[in-house]
Each structure stands twice: as C-alpha cells, then as structure tokens.
Amino acid sequence: MLSLLIWLPIFGGLYVALLGSRVAPVHAERDAIAIAALTFIASLVLWAGFDGSRATMQYVELLPWIPALNVNYHLGVDGIALPLIVLTTFSTLLVVLSANASVHDRLAEYLGAFLVLAGLMIGVFAALDAILFYVFWEAMLIPMFLVIGVWGGPRRVYATIKFFLYTFLGSVLMLIALLWLYFQSGTFDILGMQQQPLSLDAQTLIFWAFLAAFAVKIPMWPVHTWLPDAHVEAPTGGSVVLAAIMLKMGGYGFLRFSLPITPDACRVWAPLMIALSLVAIVYVGLVALAQRDMKKLIAYSSISHMGFVTLGFFVVFAFATVPAAAHAADLALAGAMFQMISHGFISAAMFLCVGVLYDRMHSREISAYGGVINPMPRFAAFMLLFAMANAGLPGTSGFVGEFMVILAAFQVDFWIALLAATTLILGAAYTLWMYKRVAFGEVARPAVAALEDITPREHLVLTSLAAVVLLFGIWPAPIIDTSAASLHELVQQVARSKIP
Amino acid sequence: MLHALAPLLPEIWLLTAACVVLLAATAKRDAASLAYHLAIGALAVNALLVVAVRPTASSTHFFGQFQADPVAALIKLAATLMFLLLLSHARDYLRVRRALTGEYFAIALMALLGIMVLASAASLLTVYLGLELLSLSLYSLVAMHRDSPTAPEAAIKYFILGALASGMLLYGMSIIYGLTGTLDLARMAEVVTVAEGPSTPLFVFGVVFIVVGIAFKLGIVPFHMWIPDVYHGAPTCVTMLIGSAPKLAGFALGYRLLADGLPELAPHWAGMLVLLGTASVVFGNTVALAQTSLKRLLGYSTIAHMGFLALGLASATQPGFAAALHYAVVYGVVSLAAFGVLIWMGSDGRDADDLTELRGIATRSPLIGALLVVIVFSLAGVPPFVGFWAKWFVLKELVAAGHVTAAVVAVIFSVVAAYYYLRLLKLAFFEAPDSRTPVPETGRVPALVSLNGLLLVLMGLFPSALLTACLTAVRA
C-alpha cells in the first residue's frame with residue numbers, strides 16, 4: 001500500500017513528463033490530474049484503515065535492499081507520518097489542478113516534476129530505514145531544483161542554487177551522524193537507532209548534525225535565509241509545495257530523529273532551541289511586517305509559524321520528566337503537530353491566492369494592487385478567510401495549534417508564553433495589513449479594475465482549502481486523534497534518559 | 001602445462017589479439033575499420049574468458065608472479081566492458097575528425113592488458129610490468145594527434161611526470177626489497193610482520209615512496225599536476241579512456257602493494273592516504289569552481305573523486321578496500337557517460353569544451369538534458385543515482401575506521417562540488433541556447449550514452465549487486 005503511494009506518482013510523473021511533450025498539454029494535464037487524484041484517494045484509504053489507538057508502525061513493508069550492508073527497503077507509518085502523507089497528496093492534487101493558469105511553457109514536464117516530487121516526499125515520511133530515508137530526502141531536492149530553476153522568476157538561478165546548497169550542506173552532516181549511529185547500534189533501522197543508548201557527548205554531536213539538516217529545512221532562524229529567496233522565485237506550485245510540505249520535513253525529522261535518538265542532548269539544548277523559536281516568532285514576525293512583496297511576506301510568516309512547531313517540540317523537555325505534567329507535554333507535541341498540518345493548508349492557500357493575482361497582473365508587489373475586492377469579490381472573500389486563518393482567528397485551523405502550544409508554554413514559563421502569544425498580534429498585523437492594502441480602498445489602477453474574478457477551477461481549489469481550514473478549525477479531532485497515541489509514546493520515550 | 005596456464009588465458013588471448021590487430025592495422029591502408037572490428041571481437045571474447053576462468057579463491061601461478069583472485073577478475077571484467085564502450089565511442093570520434101587509424105585500437109588493447117596484468121600482479125616485478133605497459137600505452141595515445149596544438153605538450157608532460165613517479169615507485173620498491181629480500185608480495189607481508197622493530201623507520205621511508213607512486217597514478221594531491229593538462233590536451237576519446245578504466249588500475253596498484261604486500265604497515269600508509277585523500281577532495285573541488293573548460297573541470301573533479309578512492313583505501317579494512325574498488329568501478333561508468341556526452345556534442349567535428357557550449361542544450365536536445373541530470377547528480381553524489389552509493393560506502397567505512405573528521409571534511413567539500421556541478425545544469429536548463437539547431441539524437445553515440453545513463457539509474461536503484469560483488473571479492 002505504501003509502495004503504491006510512493007511509486008504511483010513517481011512512475012506516473014515520469015510518464016507524464018516523458019510522453020507529455022509529444023501530446024497536447026491538455027492531455028498531459030488530464031493524465032496528471034488523474035494520477036494525483038488516484039494518489040490522494042489511495043492516501044485516504046490508508047487513513048481509513050489506520051488504527052489511531054496504537055502507537056506502533058502500521059502498513060509495514062520490509063524487503064532486503066542491500067543485504068550485504070544491512071540496508072532494507074523498510075516502510076511503515078505511525079500517527080505522526082500519516083497526516084503528513086495525506087497533506088502531501090492533497091497539496092499535490094491542488095498544485096496539479098491549479099498549474100495551467102500559471103505555467104504555459106512545458107506544462108507536461110512541470111506536472112511530471114510535481115508528481116515525482118510527491119512520491120519522493122511520501123517516501124521521506126514512510127521510510128523506516130535511515131538510508132532509505134536519506135535517499136528520498138536528497139532525491140527530493142532534484143525535482144524542486146529544476147522546478148524553481150526552469151519555471152521560476154527573474155532571480156531563479158540564484159534562488160534555486162542557494163536552496164539546493166543550503167539543504168545539501170545540512171543533509172550531508174546528518175548522513176555522517178547516521179553512519180556513526182550505525183556503528184553504535186549495528187542497524188540502519190530508525191526504530192532500532194532510537195533504542196540505542198548513547199553518552200551525552202555523543203548525543204550532543206549527533207544532535208547538532210541532525211539540527212544542521214532539520215533546522216535548515218524547517219527553517220529556524222538564523223538559517224532561514226534560503227526560504228524567502230526560494231519562495232519568491234519559485235512558481236506558484238513550487239511555493240505551495242515548499243511551504244506546505246517541505247518545511248514539514250524538518251519538523252518530521254525532529255520528531256523521528258532528534259527527539260527520540262538524542263533526548264538528553266535535546267534536554268540540554270532545549271533552552272537555546274526555545275530561544276531560537278521565540279526569535280523566529282517575534283523577530284521574523286516583525287520582518288514580515290516590513291515586506292513589500294506578498295510572497296516574501298508569506299514566506300516570513302511561514303518561518304514565524306514554524307517557530308511554533310519547534311517551540312512545541314522543545315518545551316516538552318521542560319516537563320517530560322515530571323509525571324504530573326505529562327499531559328502538558330502531550331499538549332505541546334499535539335499542538336506542534338497540528339500546527340504543521342494546519343500551516344500546510346493555510347500557507348498553500350495563501351500562496352495560491354498570490355498566484356491567482358500574479359497570473360493576472362504579473363506583479364507580487366503589494367503596492368501594485370489596491371481595491372481588488374471591487375473587480376474580484378469572490379476571490380477577495382476567500383483571501384480574507386485565509387488571511388484570518390493565517391492570523392490565527394478562532395474557528396479556523398490556524399488558531400488550534402498555536403493555542404495549544406501557547407497553553408503548554410504557559411505551564412513552563414509565563415514569559416515564553418507571552419512572547420509566543422505576540423504572534424496573535426503580529427500575525428494579525430502583517431497579514432491583515434497586507435490584505436487591507438491589496439483588497440480594500442479605491443481602485444487606483446486601471447489594470448486592477450480590469451481584473452477578472454476567479455475561474456471555476458480556481459474556485460474549486462480555493463473552496464476545498466477553505467473547507468478543510470474551517471473543518472479542522474471547528475473539529476480538529478481527526479488529526480489530533482490520529483497522532484495522539486504515537487505522540488504520547490514519543491513523550492514517554494524522550495522522558496527516559498538514554499545515557500548508559 | 002595447459003592446466004597451469006588456464007588462469008592466464010585472458011591475458012594470453014588479449015596479447016595475441018593486440019598483436020593481430022596491430023598487424024591488421026599496418027597490413028593495408030584504410031584498415032582502421034577492420035582493426036576496430038577485430039578489437040571489439042577480441043574484447044567480447046576476453047570478457048567471456050574472464051568470466052570463464054574466474055576463481056572463487058585466491059591462487060598463485062607462474063612461479064609466484066601472477067595471482068588469480070576474485071578482485072582481479074572483477075577489475076578485469078569491468079575494465080573489459082568499459083573498453084568495449086570506449087573503443088566504440090573512439091571510432092565515431094576519430095572518424096568524424098578524419099583521424100581514424102588502426103593503431104589506436106592496438107594500443108588501447110595493450111593498455112587493457114596492462115590493467116589486467118597489474119590487477120593480477122603477485123610480485124613487485126609484475127606490478128611494475130603492468131603499470132608501465134599501461135602508462136606507456138596511455139602516453140602514446142595522448143600523443144596520437146600529432147597536429148593538435150595541445151596534445152604533444154600534454155603527452156610530454158604526462159610522460160615526464162609519469163616517468164618521475166615510476167622512478168619514485170621503483171625507489172620505494174627497492175628499499176622494501178632490500179629490507180625484506182623478496183619480490184613476492186605475499187611473502188613480503190609475512191616478512192614485514194617479523195621485521196617490525198628497529199628497522200621500522202626504513203620501512204616507512206620505503207612506504208612513503210610507494211605511496212607517492214600510487215598517488216601520482218591516481219592523480220591525487222599533491223601529485224595531481226598532470227591531470228588537468230592531460231585531460232585538456234588529449235583528444236576527447238583518449239581523455240575518456242584515461243578518465244575511466246585506468247582508475248581501476250590505480251586501485252589495483254594500491255591494493256596489491258599496500259593491502260597485499262604491506263598490511264602490517266597499515267597504520268603508516270593509511271595515515272598518509274587519509275591526508276592525501278582529504279587534501280585531494282578539498283583541492284580538487286575548490287579549484288574546479290574556477291574552471292571554464294569542461295574537460296579541465298572534469299579533470300579537477302577527478303582529482304576530488306580519486307581523493308575519495310584513496311580515502312576508501314585508507315580505511316585499511318576489507319570493507320574499506322571493497323568501497324574503494326566499488327568507487328573505481330562506479331566512477332569509471334559515470335565518467336564514461338560524462339565524456340560520452342562530450343563526444344556526442346562534438347559529433348559535428350568540433351570539440352565541445354567551453355562550458356558555455358552547454359548553454360540551453362536541454363532545449364536543443366531533451367535527451368541530453370535528461371542524461372545530464374543523471375550524470376551530474378551521479379558525479380555530485382546525490383541519491384538515487386549511483387554516485388551516491390560510491391560515496392556512501394567510502395564514508396561508511398571511513399567512519400567505521402574512526403576517521404570521522406576526514407569524513408566530515410569530505411562531505412562538506414562534496415557540497416562545494418555540488419555548486420560547480422549544478423552550474424552545468426544551470427547552463428543546460430535555465431539558460432537560453434545560443435543556436436536553435438537541434439542536436440541529433442539518433443545514431444550510435446546517442447544510443448550508447450543513453451544506455452550508459454540508464455545503467456547509472458539502475459545501478460542507483462539497485463545498488464546491491466555491485467556492492468555485494470565488491471565485498472565478496474575482497475573477502476574471498
């Protein structure tokens with residue numbers, strides 16, 4: 001089942017890209033939509049058959065890959081990976097659906113690249129063998145590199161090479177850490193590595209090597225600088241996938257590697273990590289306020305929101321060892337996890353909204369707009385909803401995760417919670433101020449007056465996103481219940497010291 | 001008698017074939033095509049012979065001069081298959097340039113014979129014999145383009161520096177011989193165990209010169225100076241030859257002398273190789289950043305790659321040697337594909353050399369574009385392509401041997417390398433082409449390069465076969 005989810009989009013994508021250039025773009029697009037939809041349905045089937053009450057790996061597949069060197073093709077999902085896989089298939093479907101408006105040149109290859117990318121990303125979430133994980137993790141850079149470089153904006157070459165090198169540098173250090181772990185534990189099995197006792201010194205080195213990979217990916221301040229460049233230059237679909245899924249891989253890496261493999265080092269460095277998260281939330285939030293480019297603004301807002309995710313991960317260490325506060329630890333992790341999923345929907349929606357405007361006006365400058373609500377009332381309504389969700393309005397999914405993390409942070413320290421809570425003000429300020437400048441006011445420019453409202457397909461895409469944002473805002477239980485058991489297991493795991 | 005000669009059958013066959021090809025080439029004018037077909041046939045038979053007489057365990061023949069073991073068999077088979085591709089490319093390359101001569105194929109077969117003798121060497125004499133046979137063949141191949149402004153210079157440079165390195169190697173060998181009193185590598189390994197003690201400094205002195213010789217043949221820092229000039233100056237089909245199968249010979253040289261002959265001195269030579277290997281990775285990748293010529297860029301990238309190979313040897317463990325062997329095979333296959341693309345792009349008779357000639361090539365030929373993605377990411381060591389497994393295996397054994405710092409430096413400079421590799425893709429994909437004329441996608445060269453690229457993908461997705469083969473060969 002998991003293999004199907006990984007290989008269907010990869011082979012489908014190669015098929016679309018290779019044969020697509022020989023047929024009309026419409027046909028290539030039809031094939032791509034069919035493949036993306038099938039993948040999405042398959043992931044829903046996966047979710048339906050998943051038993052959320054167990055913390056163990058499910059749908060496990062284990063085949064020898066390089067038996068001589070102990071490398072296996074080992075797949076499986078738990079409550080942490082599964083929601084991210086569904087998020088991946090859902091976002092890919094949306095990207096494929098909305099591609100034809102923004103890309104006119106080599107559409108088939110564009111769609112193919114995204115399908116391949118989707119398969120590789122699912123592979124990252126499903127891999128249980130460290131080397132298999134690494135192969136997917138790196139391979140994923142290739143289609144993204146090409147997508148940004150071929151279909152991106154004017155500074156695309158700079159942005160895509162920066163993106164590649166930053167993430168590559170982080171990853172290779174992780175590879176060394178994984179190899180070193182192999183010689184300690186004798187296995188490349190991630191779950192086996194999690195059981196390996198390690199001295200604090202060893203844990204510290206591994207922690208920093210992992211951090212190099214995951215902090216760049218998520219990204220944390222101060223290694224975030226590739227993200228605004230990549231986001232701004234990427235085509236709409238690239239921005240959506242980057243924001244909705246690729247950033248989550250950093251978060252997933254923390255949950256799967258850093259926390260369980262090096263819990264003691266995490267505890268030692270938790271104050272620093274919390275501090276960096278707060279810097280991301282507050283300082284990067286302020287940076288977002290000063291942006292003139294809509295995509296850049298959303299990119300900085302993403303960094304700020306991911307600050308909540310890392311904050312949630314590391315406040316856990318403040319009370320994981322205190323049995324009485326175990327509930328708060330669960331809350332923090334559940335909040336961070338929910339924030340990852342919710343940010344996936346909201347950031348995708350925001351980038352798609354900017355994409356809708358960009359396709360019509362070919363400008364991302366906030367000042368190029370004004371009064372968009374007049375020619376495009378339906379679009380403006382959708383964008384308002386997503387802007388509110390981005391600002392964390394109760395009733396939307398953006399509120400739930402942030403609220404849970406702040407609640408947990410309160411039990412650690414009042415000041416941490418207070419600083420984190422400033423996001424509710426900052427987020428509202430930069431998002432709504434941008435919305436005000438874009439949508440409200442007099443129609444100052446003739447180009448804006450001539451704008452046409454959203455097409456039926458854009459309508460479909462934005463409606464489905466609006467539906468999930470509201471659904472999970474009002475009823476977050478499906479996601480929280482799916483991951484609760486796995487996250488609880490993780491909390492117990494990090495509470496035990498691994499120092500021999 | 002025949003039974004005793006059986007393990008040498010491939011070498012005997014190849015020597016005979018090379019002589020026949022040489023005779024055929026000189027027998028009449030325009031015999032180049034005949035020589036080519038004979039050479040290809042000889043290689044195919046050679047591959048079958050190597051498989052037919054492949055040993056499962058090590059055995060020594062010919063009065064202790066020649067050993068047949070799985071490592072040698074693997075090297076011979078890989079080298080023979082590479083030569084099949086090499087000669088086929090060379091024929092097209094030379095024909096377009098009206099430089100097709102039969103001697104080329106005869107000398108190439110001699111070079112292969114040198115690799116095979118070296119791979120099976122069991123004594124210092126056979127090591128040197130194989131090495132010189134290979135080297136002299138390569139010098140003359142580089143010089144074959146008499147009218148080219150760069151080739152003779154490259155050949156002279158290669159020859160002088162190569163002779164110097166051979167001298168160093170011989171000097172080291174003579175010191176070791178003087179201390180141990182034997183030319184036989186297996187016997188030497190036993191004697192060195194006993195001789196540890198007061199004479200150790202002398203042994204180390206000898207080892208230094210042997211390592212220098214190996215380092216020169218591999219082309220690692222600081223004995224790399226010949227690589228960029230020779231790569232640049234030689235005709236592309238010869239650069240391709242130098243850049244692929246002889247790396248296996250470089251591995252064999254190190255493996256036979258150090259692992260077979262001087263295992264007890266491993267702490268000494270391993271330390272030297274770690275240093276030289278790391279320096280190569282650092283230097284090769286840094287200098288490659290500044291290159292504007294494709295062949296020089298690939299030359300500096302070779303220096304870095306051979307640094308990785310040396311790091312594999314430096315692990316001084318059986319899996320470490322297996323990793324180095326695997327690296328040599330993989331690098332050969334990848335560089336065949338890379339130079340194959342150069343030959344393809346030069347199929348109009350002009351040598352494609354400047355980086356800017358890649359500009360927009362993916363638009364002019366989507367197939368070259370796709371192949372470049374595979375090749376470039378293989379060279380850069382990004383999964384799922386095969387170059388990743390080669391680097392991974394070396395790093396794994398390096399970490400196992402405790403050289404974590406060297407591993408970290410090596411991976412960091414792999415990131416530096418990624419920059420100039422990505423620049424190739426940037427030129428090919430992200431820039432507009434200078435001319436709109438499509439590059440031909442049919443014919444033998446495109447077919448062979450595509451096959452080669454497909455092999456890279458398959459070896460990347462199913463790395464087990466080659467990795468296991470290398471491991472079992474070294475362990476046998």
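**Questions on a predicted two-chain model**

Me: P222(A) lies in the loop between α9 (200–217) and α10 (226–233) of chain A. What kind of peptide bond joins W221(A) and P222(A)?
Reply: A cis peptide bond joins W221(A) to P222(A), with omega at about 5°. Most peptide bonds are trans. The model is predicted, with local features needing pLDDT of at least 70 and side-chain atom pairs pLDDT 80 or more, while totals for chains, interfaces and linings use all residues. Residues are numbered from 1 along each chain as its sequence is written, chains are lettered from A and ligands numbered from 1 in the order in which they are written, and side-chain values use heavy atoms, leaving out hydrogens and water.

Me: What is omega for the cis peptide bond that joins P383(B) and P384(B)?
Reply: Omega is about 10° for the bond between P383(B) and P384(B). P384(B) is in the loop between α17 (366–380) and α18 (386–400) of chain B.

Me: What makes a run count as one of the helices or strands?
Reply: Both are DSSP runs, numbered from the N terminus: helices are H or I with at least four residues, strands E with at least two. Chain B has 21 helices and two strands.

Me: Why is R256(A) called buried?
Reply: Buried means under 20% relative accessible area, exposed over 50% and partly exposed in between, with a 1.4 Å probe and protein chains only. R256(A) has 4%, so it counts as buried. The residue lies in helix α11 (residues 236–261) of chain A.

Me: How do you know that R256(A) and D78(A) make a polar contact?
Reply: Their side chains come to 2.9 Å. A polar contact is a pair of N or O atoms within 3.5 Å; within protein, one must be able to donate a hydrogen and the other to accept it, and residues adjacent in sequence count only if both atoms are side-chain atoms. Contact in general means heavy atoms within 4.5 Å. Leaving aside neighbours within four places in sequence, R256(A) has contacts that include M57(A), I80(A) and Q194(A).

Me: Why is H362(A) called exposed?
Reply: Its relative accessible area is 57%, so H362(A) is exposed. H362(A) sits in the loop between α14 (326–361) and α15 (377–390) of chain A, and has a positive phi of about 55° although it is not a glycine. Most residues other than glycine have a negative phi.

Me: What makes R98(B) count as exposed?
Reply: The relative accessibility of R98(B) is 80%, so R98(B) counts as exposed. R98(B) is not a glycine either, and has a positive phi of about 55°. Its place is the loop between α4 (70–96) and α5 (102–119) of chain B.

Me: Why does G192(A) count as partly exposed?
Reply: G192(A) has 22% relative accessibility, so it counts as partly exposed. G192(A) belongs to helix α8 (residues 190–195) of chain A. From C-alpha to C-alpha, G192(A) and H231(A) are 37 Å apart in space, and they are 39 residues apart in sequence.

Me: How do you know that the radius of gyration of chain B agrees with a compact globule?
Reply: The radius is taken over C-alpha atoms, and the globule rule is 2.2 Å times the number of residues to the power 0.38. For 476 residues a compact globule would have a radius near 23 Å; chain B has 21 Å, which agrees. Of these residues, 63% count as buried.
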